[in-house]
Amino acid sequence: MTSPPTYEFDAVIVGGTPAGIMTGITVAKAGRRAVILERTGYIGGLPANGLGATDIHTRGATGGLFLEFVGRIKQHYSDTYGVDSQQVIDCSDGYRFEPHVAEMILHQMIAEQSDLLEVRTMRQFDHEPSNAIRDGAVLREIRIVNRESGEEETYRASVFVDATYEGDLAAAAGAPYMLGREGKDEYGEPCAGKFYQRWDAPVDEYYSTGQADNAIQSYNYRLPLTTVESNMTPIEKPATYNRDEYLSLIDDVRLNRFAGPPKPLEFDGIGAITNMARVPNGKVDGNNQHAAFISTDLPEENWPYPTASWDWRDRFAQRLRDYILGLFYFAQNDPELPADFRERCQRWGLASDEFQDNGNFPRQIYVREGRRIRGEYLFTAHDALSKRASRAHTTSITASHYALDSHACLKREDGRPHTDGIFTYPTSPYCVPYGVILPLEVENLLIPVPASGTHIGFSTLRMEPCWMALGEAAGAAINVSLDEGSSVRGVNVVELQRRLLAAGAVLTYYEDAAPGDDHYDALQFFALRGFLGDSYVANLDEPVSDEDRSNWTTWANTPELTTFSGTRGQLLDRIYDEVGQRPDEEQAALRASS
């Protein structure tokens, strides 16, 4: 019997998601060989499959390769249509885009590293322990099935990366993981456990017990829809169409009955069943409509998904596709719906120039939350809600900003004017510590996508900009570990941060400072150590005050600078020259003195 072929790389990345792509690019840029193994025939994850309205609340909170990605998006629309075109306006500085454009840009970024970065599609990893071979705690090799040939392949690497939405590799390797919702009593998080809230209205305390359970927030597809007739594919009735699933929409529309605040809501036809964000060329990114009882999410039926086989997952993906197409067909055609509502819905269809080999329907299901792998640091809601000084982790590998955000966990319940599990809760720009991507109990593995967080904490980490930044950080950590001859768990985090800053990363956010600015690296280093307090304003060009000069020089033990005269940024640079080169032990002591 012939042994399966064995391939060796510096880094093996399972999952062609944007995070996995950023990991591979970062490794290859440092002159090392990496391979991305993707189960489908396509790369790009959600941005290449309909999620064109970027989920980030503060632009500038996340930098690095993510910012390069959105910059290339804007440049594409400028080059193709002109700098003053409607397409450039609608792309919103590159933060809104069409799926095929996102896929094209990601392919371009990969191609620029093609000498050292390979992408192998149609490679399936099945999350059985026998497919992740360990030597003690060290992951040595994995087994993959080539879906085209049916043959098994073996991959070895210095470091492996789980960039899957599901967390399959980490689970197979034996890392502990979490599923479902923690109770409110576990971490004291807002919105934890069983939770009811009208959309954009106060919490319903009567029904919100805060109890833990095994519920998984719902999935959907992000649909590029359009009213441009020359680029529109009509929505047809799926073969499995079941009219009974959608009947409650009739009275919802007639009575203007929605799960939003207790006041009339006005929707323009199809907006009653899908939330729409405008992207270029007359398209929208169609997402779940939280104010509706029936929309593109399909709660409850996805609960087995995170730990199910690929055969089950594929059946569910088809079920979800049919359910969504059936919902739109019902809204456009059912005779019991008001005629004017049906007519307004009929203006919309699928974009004909997207997913042309898949019936103009996205190829990637939106897995909002799979396994959450337990890491050295568990990210909770409090990491996104606290004042800057207490959340400015010295080991930060990216800043980010999005609300705590979850979709429904249960379907519509009789007699309740809202659905279980939906919430959005405001946060501030926050830091993500390195330990979030370091799984417990397994060495030589990083987890930038199935990162370590509670259901509530993960609900803000799970946005593509943050995932992309975590992927880039994983790649940088691999490079540092190989340069130092250390494990990824034992890397010099200060060196990791320096490399990330050199690549344009944001480790902690300021309104008035950005990568490339004077004094930026010093600002980032000392802000993470509490020098600048809670403010999001750095004021680097202002004269340093007597109080700050005294505090900073005393804190950093730089008495030679106690008479320094200059700006805040200049003094931070001078201290950085001294302290930034000290051994890690002294830097840890500096943090402890804060």
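Visitor: Where does Asn360 lie?

Guide: In this predicted model, Asn360 lies in the loop that runs between β13 (349-351) and β14 (372-373).

Visitor: Is Asn360 buried or exposed?

Guide: Asn360 is buried, because its relative accessible area is 10% and buried means under 20%.

Visitor: Which phi does Met122 have, and where is its place?

Guide: Met122, also not a glycine, has a positive phi of about 60 degrees. Its place is the loop between β3 (117-120) and β4 (123-124).

Visitor: Let us turn to charge. Which residues gather in a patch of negative charge on the surface?

Guide: Asp and Glu count as negative. Here the patch on the surface brings together Glu511, Asp512, Asp517, Asp518, Asp541 and Glu542. One of these, Asp518, is found in the loop between α14 (493-502) and α15 (520-527).

Visitor: Why does Asp518 count as exposed?

Guide: Exposed means over 50% relative accessible area. Asp518 counts as exposed because its relative accessibility is 60%.

Visitor: Is Arg529 buried or exposed, and what does its side chain reach?

Guide: Arg529 has a relative accessible area of 3%, so it is buried. Its place is in the loop between α15 and α16 (546-556). The side chain of Arg529 reaches the backbone oxygen of Phe525 at 2.9 Å.

Notes. Residues numbered from 1 in each chain as written. Predicted model: local features only at pLDDT ≥ 70, side-chain atom pairs only at ≥ 80, totals over all residues. Heavy atoms only, no water. Helix = DSSP H or I, 4+ residues; strand = E, 2+ residues; numbered from the N terminus. Buried < 20%, exposed > 50% of the residue type's maximum accessible area, 1.4 Å probe, protein only. Patch = residues over 30% accessible without salt bridge, like charges linked within 9 Å, V, L, I, M, F, W, Y side chains within 5 Å. Areas by Shrake-Rupley, 256 points an atom, 1.4 Å probe, with all protein chains shown as cover. Salt bridge = Lys/Arg side-chain N within 4 Å of Asp/Glu carboxyl O. Charge placed at Lys NZ, Arg CZ, Asp CG, Glu CD. Polar contact = N/O pair within 3.5 Å; in protein donor to acceptor, adjacent residues only side chain to side chain.
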